[in-house]
Amino acid sequence: MSDGRLQATGPRWQGGLLAEGEPDAAQVEDHGLEGALSPFVLTCDHASSRVPAALDGLGVAPDDIQRHIGWDIGALDVARHMARAMRGLLIHQAYSRIVIDCNRPPHVAQAFPIRSDGTDIPGNAALTGSGAAARVAEIFHPYHAAIAAALDARAGTPTALLAIHSYTPHHGDFPDPRPWPVSLLFNRDSRFSEAMAAELRARDIDVGMNQPYVVDDDGDYAIPIHAERRGIPHSLIEVRQDLIETDEGARHWAAILTDCAAAAFAVMTHRKGAEHAQA
Ligand SMILES: [Zn+2]
């Protein structure tokens with residue numbers, strides 16, 4: 001299809017959460033040209049502020065769901081502009097992070113936050129076991145299965161995973177505004193993030209490294225499960241929301257990140273080639 005969107009395949013789990021006409025959790029956009037494989041697979045866990053109709057807004061005012069607590073403002077725009085420029089694959093998630101946070105293991109409490117940056121989420125405080133199971137089965141699993149399938153299909157092909165997020169400049173728990181326009185997060189393997197940070201710094205961009213968050217196995221999902229276990233280059237990229245609220249801003253930062261990611265991948269590939277030559 002001309003806009004790169006793939007049709008969903010397979011029957012949908014009938015658990016009673018998502019209604020007919022509501023989107024599948026996993027939204028797959030292949031921006032690659034036929035035969036021209038980009039190494040980049042992009043994900044956007046917090047792309048949407050949508051809440052399934054069956055959950056009645058989780059008891060949260062619509063204006064609050066549109067705040068950063070409901071989604072990563074601007075992140076999908078950045079990810080989509082990057083995927084187009086890279087001719088890569090983008091997989092984004094169609095429901096709000098307060099329905100289920102797809103970057104958390106589903107067994108941790110933060111997967112279903114009962115309060116976020118000063119706002120109570122009554123629909124999560126009242127969450128039952130079967131209610132949580134439906135969100136896992138209909139949103140979390142299909143989304144991560146789509147990412148796993150895309151990466152499995154590329155086994156043996158040079159691949160890098162970029163998890164695109166955005167952060168609020170002002171968070172209630174942290175009174176000082178966050179100074180970094182971009183932060184790169186990682187845990188066990190810093191190589192791609194360090195190579196990309198060098199490219200950003202060469203452009204005089206103040207890049208945060210594992211700021212203001214860190215990646216770990218209890219608080220994160222995509223990087224430990226999809227990237228670290230496969231041993232593929234990766235970074236979790238956070239962009240400050242005030243810079244990407246407009247399409248112009250999103251395009252600007254997507255262009256910078258695309259260039260820096262491509263350069264970082266080339267540096268890593270070159271290094272690997274040099275190691276092989278020495279061996
Ligand atoms: Zn996020």
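## Charges

The protein chain carries 23 positive and 37 negative charges, and their mean positions lie 4 Å apart. Lys and Arg count as positive, Asp and Glu as negative, while His and the chain ends are not counted. Each charge is placed at NZ of Lys, CZ of Arg, CG of Asp or CD of Glu.

This is a predicted model: local features need pLDDT of at least 70, side-chain atom pairs count only at pLDDT 80 or more, and totals for chains, interfaces and linings use all residues. Residues are numbered from 1 along each chain as its sequence is written, and side-chain values use heavy atoms, with hydrogens and water left out.

## Fold and packing

The protein chain has seven helices and nine strands (DSSP runs, H or I of at least four residues and E of at least two, numbered from the N terminus). Its C-alpha trace spans about 60 × 45 × 35 Å along the principal axes.

Of the 279 residues, 53% are buried (under 20% relative accessible area, 1.4 Å probe, protein chains only). Contacts are heavy atoms within 4.5 Å. Among those with a separation of 6 or more, 79% join residues 24 or more positions apart.

## Zinc site

His-46 (ND1), Asp-72 (OD) and His-165 (ND1) coordinate the zinc ion at 1.9 to 2.1 Å. Donors are N, O and S atoms within 2.8 Å of the metal (3.2 Å for Na, K and Ca); water is not among the atoms, so sites may look incomplete.

The donor spacing in sequence is H-x25-D-x92-H. His-46 sits in the loop between β2 (40-44) and α1 (62-65), and Asp-72, 26 residues apart from it, in the loop between α1 and α2 (75-86). His-46 is buried, at 4% relative accessible area. Asp-72 is buried too, at 2%.

Definitions and conventions:
Buried means under 20% relative accessible area, exposed over 50%, partly exposed in between (1.4 Å probe, protein chains only).
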